[in-house]
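Here are my notes on the model, point by point. Please read them with the structure open.

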Amino acid sequence: MTEPRSARQPQSVRRTQSARRPQPRLTQPLRQAWAHVVRTARRTTADGLVVGTSGNVSVRVGDTVLVTPSGVPYDRLGPRDAVGVDLDGRQVLGTLAPTSELPMHLAVYRHTDDASAIVHTHAVHATAVSTLVGELPAIHYMTAALGGPVRVADYALYGTDELAENMLHALRDRSGCLLRNHGTVVYGATLDQAYDRTAQLEWMCQVWLAAAAVPGHTPTLLPPAELERAAAKLSGYGQQPAGDAGDAAQP
């Protein structure tokens, strides 16, 4: 993760600025990306990772961040409801207000080179774990897919720059983290990857809670060396693209 740019204004201030009018039309790449954002957001509710409009989803297309709007049920979103901001938080697309968690999304995109998509949820098991420990123990080898044991970011009020800063600390060398008494934030190179990592994180939290709840027993955990071996093997997981055996699909 790159260092924050100290010359930038606080995100809460930038979010209220509008240096130029929102554009009324979507380009084809933005239209396709927005459709994927909506599908992913609907998937979070269908799979029980959020309730109502409690989570949010975004994708970066160049210097534009498409993000779900605040307080609008995902099943009501259509092409005309697209919301886009630049990396300084100025709205450049649409008329609906962006999610209140915009500071977190922008912080990830501005300080993480390999982030192109973000999924934020209030998943039940992950949120429960966030109230119990400072880090999700390495209960399964898929811990390696997120960069190692998943840290819990210190609590701060939702939608604040403080929460975004706490999240960045927890995401150091990781692609996902838990938010204390709140939920999850996971990023990926694509929306599908961000969503898959989110689902894996929720599943690992469920496994750890189930194992830790058995009286008289303590779950066994994977040591760092084993996680390193798993990470190396996961890097070659999946089908090899035709004609390029060295570039494996991500799990």
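**Notes on the predicted model**

1. His-36, Val-37, Thr-40, Arg-43 and Thr-44 in α2 meet Leu-191, Asp-192, Tyr-195 and Asp-196 in α6 (contact: heavy atoms within 4.5 Å). By class, this contact has three nonpolar, three polar and three charged residues. Ala, Val, Leu, Ile, Met, Phe, Trp, Tyr, Cys and Pro count as nonpolar, Asp, Glu, Lys and Arg as charged, and the others, Gly among them, as polar.

2. This is a predicted model: local features need pLDDT of at least 70, side-chain atom pairs count only at pLDDT 80 or more, and totals for chains, interfaces and linings use all residues. Residues are numbered from 1 along each chain as its sequence is written, and side-chain values use heavy atoms, with hydrogens and water left out.

3. The axes of α2 (residues 28-46) and α6 (residues 191-212) come within 10 Å and cross at roughly 10°. Axes are lines fitted to C-alpha atoms, for helices over the stretch in contact, with angles from 0 to 180 degrees between N-to-C directions. That makes α2 roughly parallel to α6 (angles under 35 degrees).

4. The protein chain has seven helices and nine strands. These are DSSP runs, numbered from the N terminus: helices are H or I with at least four residues, strands E with at least two. Buried residues make up 47% of the 251 residues. Buried means under 20% relative accessible area, exposed over 50%, partly exposed in between (1.4 Å probe, protein chains only). Of the contacts with a separation of 6 or more, 66% come from residues 24 or more positions apart.

5. Helix α3 (residues 102-111) is mostly covered, with 10 of its 10 residues buried. Among them are the charged Arg-110 and two histidines, His-105 and His-111.

6. Asp-81 sits in the loop between β2 (64-67) and β3 (84-86). Asp-81 is partly exposed, at 23% relative accessible area. Its side chain reaches the backbone nitrogen of Gly-78 at 2.8 Å. Not counting residues up to four places away in sequence, Asp-81 touches Trp-34, Arg-76 and Leu-96.

7. Which phi angles deserve a look? Most residues other than glycine have a negative phi. Asp-173 has a positive phi of about 60°; it is found in the loop between α5 (161-170) and β8 (176-179). Asp-173 is exposed, at 58%. Asn-181 has a positive phi of about 55°, in the loop between β8 and β9 (183-188). Asn-181 is partly exposed, at 47%.

Note on methods. A polar contact is a pair of N or O atoms within 3.5 Å; within protein, one must be able to donate a hydrogen and the other to accept it, and residues adjacent in sequence count only if both atoms are side-chain atoms. Angles under 35 degrees count as roughly parallel, over 145 as roughly antiparallel, 65 to 115 as roughly perpendicular and the rest as oblique.
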